[in-house]
Amino acid sequence: MAKSLAIASLQILSLLLLASLGQSKTVFTNLTVYDHEFRSGDGQSVFPVAGLPNATWGFNQFGTVFVVDNTLTQSVSFKSALVGRSQGIAAVASLDNTNVELVITFLFTNGKYSGSTVEMKGIFIQSMGVNELAILGGTKQFRYATGYATFEVVSQVGDHLTVKVNLYIRQDIPDDYPGIALH
């Protein structure tokens, strides 16, 4: 009996030791930024680069692939404070021409997150008012990032779209990781 009690006690102590080694701090960050996309003109920021042969490449043509380099601002006005860039690849991915597969990186260039990135991926359903993309990771201030982002078109004037993006970021940072200044 004493021997089995001692073994059980050692097992419990081992589990507690292992659990304490794997502890982490969970940090939640909620950010709102505005993505400005220009589909034509001098400031064009999204370009079709590939598509089906003998087809007119566009947002409603299956197989069209775009590269994106949009401006991110602090508020809805394009002239508000610059936050960073939204850079990535989009492709019309559904045969009915309604869904766009989006792989996008938000590169923060100003403010307390300058130099940090957030990586996102998902399907953007063009007919929906609000779309969600998964946050898959990040760099610098957003290492260990997971979560989701919502995208909502709040303005469209000609070929200029303004999209409100809410980022809901969760980071599980190991206690012994020195590389992130908690915000």
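Visitor: Why is Tyr144 called partly exposed?

Guide: Tyr144 has a relative accessible area of 40%. Buried means under 20% relative accessible area, exposed means over 50%, and partly exposed is in between (1.4 Å probe, protein chains only). The value of Tyr144 is in between, so the label is partly exposed. This is a predicted model, where local features need pLDDT of at least 70, side-chain atom pairs count only at pLDDT 80 or more, and totals for chains, interfaces and linings use all residues. Residues are numbered from 1 along each chain as its sequence is written, and side-chain values use heavy atoms, with hydrogens and water left out.

Visitor: What is the phi of Tyr144, and where does this residue lie?

Guide: Phi is near 70 degrees, a positive value in a residue other than glycine. Tyr144 lies in the loop between E7 and E8. Strands (E, at least two residues) and helices (H or I, at least four) are DSSP runs, numbered from the N terminus.

Visitor: Is Asn54 buried or exposed, and how do you know?

Guide: Asn54 has a relative accessible area of 87%. That value is over 50%, so Asn54 is exposed. Asn54 is not a glycine, yet its phi is positive, about 60 degrees. Its place is the loop between strand E2 (46–50) and E3.

Visitor: What makes E8 and E9 a pair?

Guide: Two strands pair if DSSP finds at least two bridges between them. E8 and E9 have twelve bridges, in the antiparallel sense, so they pass that test. Their hairpin has two residues between the strands, and Gly158 there takes a positive phi near 60 degrees.

Visitor: How do you know that E1 pairs with E9?

Guide: Count the bridges. 15 of them join E1 to E9, which run antiparallel. The test asks for at least two, so this is a pair. Phe28 stands opposite Arg170 in E9. Arg170 is also the bridge partner of Thr146.

Visitor: What makes a group of residues a nonpolar core?

Guide: A nonpolar core is a set of buried Ala, Val, Leu, Ile, Met, Phe, Trp, Tyr and Cys residues joined through side-chain atoms within 4.5 Å. The largest one here has 28 residues, with Phe106 and Met120 among those with the most contacts inside it. E5 supplies its largest share, five residues.

Visitor: Which residues does Phe106 contact?

Guide: Contact means heavy atoms within 4.5 Å. Leaving aside neighbours within four places in sequence, the partners of Phe106 include Val33, Leu72, Met120, Phe151 and Leu167.
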